[in-house]
Amino acid sequence: MKADKINRRNFLRLSAVAGAGALFLPEKSRASTTETPDVKQKMPTRMLGKTGIELPILSMGVMRADNPSVLRAAYNSGIFHFDTAHGYQKGKNEELVGTFFKDKPRETYFIATKVEAGYPLKDNFETEVDEKLDLSLKRLQMGYVDVFYAHALNRPEEVADERWIAALKKIKAEGKARFIGFSTHSNKVVAQIDAAIEAGIYDVILLSYNFKLNDLEEINAAMERGVKAGIGFVGMKSMTGGVEDAEGKKVINARACLKWVWQNENITTIIPGFSNYDQLDECLAAVNNMQLSTEEKEYIAWLQKEEMMFCQQCERCVSQCKSHLPIPDIMRAYMYTYGYKYPALSKETLAELQLPKDVCDGCESCKVTCPSGFNVAEKIAAIKPVMQIPDVFLA
């Protein structure tokens, strides 16, 4: 690595896990017994909408992390915004965050969590959200979170739903969250942003933002409208799946991806899901030199034309499938396994979809044509085994 990155290799050794199901096992970092030194670096900050809070342009998506030493390294490096969710690692992710921060001054970190409710909303929706958030706060060992997101809203009518709006207002009024918002993976994000502006209650929107998005011009214009209305934007999925090829064999240039996102000043911060020191160091190196080089610009331009793993969530595939399968969500699960090397999250995603074990077995040939060039049938066949692998081999 170049000298501009903070060297922590003395604190990390990646280990490959052998045995059944090893094809799907991610690399896992092992905690060091040596404390990471306090090497905070000064990061550029941006204002988060109307909240009055300035955040570093680099934050941490804790979703894949299972090593408290990586959180320590991020925190000691100047990162203080950490993003988790009620469902990540079946609650263990929030517990990891809570255990790490329990002895830290509350004003030194900024925590976001999320609760997913599904749609249409259940009769007991309000009670379920309250119970899940209370459990999240218990796991986090905190009296409140800084941001609470309604998780994975897909359509503008969900953003405008009076029951979600009332629930979010109540959470904020009760002091369980300082700020409220929603997260979305949807291609309907432009309409969702406009619905959020109309609703007038949303402080923050967490959205997919990367160079592969087909409707970037429209998204950028909608974000501009949102910022003028006081909404802060946090970016995710900036690495477009973490690999630069459709097979998941070559790791993407993380520095170029992050620098590209930071060119849009309406993105306050990004939450890459680094889970080891090398990945963190790559992110920190990007902060040290935020300007895209000529080579990086050419690299991004090349990738924009290539088939990768990032699904646009356009949903054109659903109407083509005779079983009307939730193909965009299945493609997201595929990315989690073969891009992020995180099959446990892939299995959780597939389980939530309640797919039959014999999904697609009854089709002689797949009629689905993907605008992004995905071979949908092959990808579904490749992801199906994850549904059957015991959790112990995915940990």
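Biologist: Where do I start? How many helices and strands are there in the protein chain?

Modeller: Keep in mind that the model is predicted. The protein chain has 14 helices and 12 strands. Of its 395 residues, 57% are buried.

Biologist: What share of the contacts joins residues 24 or more positions apart?

Modeller: Take the contacts with a separation of 6 or more. Residues 24 or more positions apart account for 76% of them.

Biologist: Now a single residue. Which helix holds Phe 100, and is Phe 100 buried or exposed?

Modeller: Phe 100 sits in helix α2. To judge burial, compare the relative accessible area with the cut-off: under 20% is buried. Phe 100 has 8%, so it is buried.

Biologist: What is Phe 100 in contact with, leaving aside its neighbours within four places in sequence?

Modeller: Pro 68, Leu 71, Arg 72 and Tyr 75. Look also at Leu 140, 40 residues away along the chain. Its C-alpha atom is 9.2 Å from that of Phe 100.

Biologist: Which residues of α1 and α2 meet?

Modeller: From α1, Pro 68, Leu 71, Arg 72 and Tyr 75. From α2, Leu 96, Val 97, Phe 100 and Phe 101. By class, this contact has 7 nonpolar residues, no polar ones and 1 charged.

Biologist: Next pair. How are α8 and α10 oriented to each other?

Modeller: Helix α8 spans residues 254–262 and helix α10 spans residues 294–303. They pack at about 90°, with axes 10 Å apart. Angles of 65 to 115 degrees count as roughly perpendicular. So α8 and α10 are roughly perpendicular to each other.

Biologist: Which residues make the contact of α8 and α10?

Modeller: On the α8 side, Arg 255, Ala 256, Cys 257, Lys 259 and Trp 260. On the α10 side, Glu 296, Tyr 299 and Ile 300. The classes are 5 nonpolar, no polar and 3 charged.

Biologist: And α3 with α5: at what angle do the axes cross?

Modeller: Roughly 35°, and the axes come within 10 Å. Here α3 is residues 125–140 and α5 is residues 162–173. The crossing is right-handed. Phe 125, Glu 126, Val 129, Asp 130 and Leu 133 of α3 meet Arg 163, Trp 164, Ala 167, Lys 170 and Ile 171 of α5. That contact has 6 nonpolar residues, no polar ones and 4 charged.

Biologist: Two of those names look ready to pair. Which residues are linked with Asp 130 and Lys 170 in a network of salt bridges?

Modeller: Asp 134, Glu 174 and Lys 176. Across the structure there are 23 salt bridges.

Biologist: How do I read a single bridge? Which residue does Glu 94 bridge to?

Modeller: Glu 94 bridges to Arg 139, with the closest N and O atoms 2.9 Å apart. Glu 94 is in helix α2, residues 92–101, and Arg 139 is in helix α3. The pair links distant parts of the chain, 45 residues apart. Both Glu 94 and Arg 139 are buried.

Biologist: Apply that to Asp 146. What is its partner?

Modeller: Arg 106, with the closest N and O atoms 3.0 Å apart. Asp 146 belongs to strand β8, residues 145–150. Arg 106 lies in the loop between α2 and β7, 40 residues away in the chain. Asp 146 has 1% relative accessibility, so it counts as buried. Arg 106 is also buried, at 18%.

Biologist: One more. How far apart are the closest N and O atoms of Asp 361 and Lys 384?

Modeller: They are 2.7 Å apart, in a salt bridge. Asp 361 lies in the loop between α13 and α14, and Lys 384 in the segment after α14, so the bridge ties together parts 23 residues apart in sequence. Lys 384 has 18% relative accessibility and therefore counts as buried.

How values were computed. Residues numbered from 1 in each chain as written. Predicted model: local features only at pLDDT ≥ 70, side-chain atom pairs only at ≥ 80, totals over all residues. Heavy atoms only, no water. Axes fitted to C-alpha atoms, helices over the stretch in contact; angles between N-to-C directions. Helix = DSSP H or I, 4+ residues; strand = E, 2+ residues; numbered from the N terminus. Parallel < 35°, antiparallel > 145°, perpendicular 65-115°, else oblique. Contact = heavy atoms within 4.5 Å. Nonpolar A, V, L, I, M, F, W, Y, C, P; charged D, E, K, R; others polar. Left-handed = near helix turned anticlockwise from the far one by under 90°. Salt bridge = Lys/Arg side-chain N within 4 Å of Asp/Glu carboxyl O. Buried < 20%, exposed > 50% of the residue type's maximum accessible area, 1.4 Å probe, protein only.
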